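Here are my comments on the model you asked me to look over. Keep the viewer open while you read, and find each piece as it comes up.

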Amino acid sequence: MNELIVVKDVLGINLFVDLNKTLHEHSRWRFTNRSYDGGDPSWGYDSVLDSQLLFFEVATIIKLKVQRHIKKNIHLCKIHCNGQTCGQASQFHADFPFDDTWTFIFFTECDWNTQWGGEFVSQNPNTKEYFYTPYIPNTGALIPSIWQHYGQSPNANTQRLRTTMAFSYMEENLFHLNLKKHGDQFLRYT
C-alpha cells in the first residue's frame, strides 16, 4: 500500500457516540502523553485498560476495514489515545520502523467544525507527496506505520480538545516474531 486511504462512517452512530462519551466522561486526560520519543507532551487518555472492552470492540471493527484494503491477515499491536488543544504543535514521526505495519488514525470527536483545524498530515516516503486529511468526525486515515505523520493542533477558532485514537496493526507473522522477541512489553495500549 503506497497511498493514504480515508474511511468514512467508521462506526455505527451509537457506538461512535459511546466511544466519544467514554473519552470525555471520566476526565482521564493527562498532560503526559508522547506519540513518539523526544516529542513535546500532549493530552493522553489515562487508563486505556479501564475502557478496554469498548476500545477493543472498536479496534476489531477497524481491523476488518483495514484488512479489506490491504488484503493481509493482521494483528492489533497498539492503541494510542491523543488529545491536543490550540497551540500544541506536533512533529513528524513514524509509529514503527518496518513494513507490514499499518496505523489507522481515527477522528473521535462527535462535533467538530473543519474551520477549527486539526488536520492529519502524512508523507509518502517514496513519492515525497504530502497528504492533508481534514478532521471529520467518525472518519479515519490509514497509512503504513513507517510513514512520517502528525496531527495538526486546533487553531485559535476553538478551545476544544481535538481527540484521536491511533490503532496500529501488524502482519501476523511479524507480530508473532516481535511478540516472541520482545514479550508483552511489545504491545502498547496507551
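The points below go from the whole chain to single residues.

1. Before you start: this is a predicted model, so local features need pLDDT of at least 70 and side-chain atom pairs count only at pLDDT 80 or more, while totals for chains, interfaces and linings use all residues. Residues are numbered from 1 along each chain as its sequence is written, and side-chain values use heavy atoms, with hydrogens and water left out.

2. The overall layout. The chain has 3 helices and 11 strands. Both are DSSP runs numbered from the N terminus: helices are H or I with at least four residues, strands are E with at least two. Out of 190 residues, 49% count as buried (buried means under 20% relative accessible area, exposed over 50%, partly exposed in between, with a 1.4 Å probe and protein chains only).

3. The greasy middle. The largest nonpolar core holds 26 residues. Here, a nonpolar core is a set of buried Ala, Val, Leu, Ile, Met, Phe, Trp, Tyr and Cys residues joined through side-chain atoms within 4.5 Å. Which residues touch the most other members? They are L19, V58, I62, F106 and F167. At least two core residues come from each of β1 (5-7), α1 (13-25), α2, β4, β5 and β10 (162-171). The largest share, 7 residues, is supplied by α2.

4. Three strands make an open sheet in the order β7-β6-β9, with antiparallel pairing; two strands pair if DSSP finds at least two bridges between them. β7 (130-133) and β9 (148-151) are the edge strands, each pairing on one side only. From one strand to the next, the twist averages 15° (axes are lines fitted to C-alpha atoms, and angles run from 0 to 180 degrees between N-to-C directions).

5. Look at β6 in that sheet. Strand β6 (residues 120-123) is joined to β7 by 4 bridges, and 4 bridges also join β6 to β9. Q123 is a handy landmark: it stands opposite Y130 in β7 and opposite Q148 in β9. Are the faces of β6 covered or open? Both are covered: F120 and S122 on one side, V121 and Q123 on the other, are all buried.

6. Residues with positive phi. The hairpin of β6 and β7 has 6 residues between the strands, and K128 in its turn has a positive phi of about 65°. K71, in the loop between α2 (52-70) and β4 (74-84), has a phi near 60°, positive although the residue is not glycine. K71 counts as exposed, at 67% relative accessibility. D100 sits in the loop between β4 and β5 (101-107), and its phi is near 65°. D100 is partly exposed, with a relative accessible area of 31%.

7. Finally, the largest pocket. Its volume is about 170 Å³. A pocket is an open set of points on a 1 Å grid with protein on both sides within 12 Å along at least five of seven lines, and lining residues have an atom within 4 Å of a point. There are 13 lining residues, and M1, N2, D99, P144 and I146 are the closest to the centre. The lining divides into 7 nonpolar, 4 polar and 2 charged residues (Asp, Glu, Lys and Arg count as charged).

How values were computed
On a 1 Å grid over the protein atoms alone, a cavity is a set of points where a 1.4 Å probe fits but cannot get out, and a pocket is an open set with protein on both sides within 12 Å along at least five of seven lines; lining residues have an atom within 4 Å of a point. Grid points are joined across faces, edges and corners, and a volume is the space filled by probe spheres set on the points.
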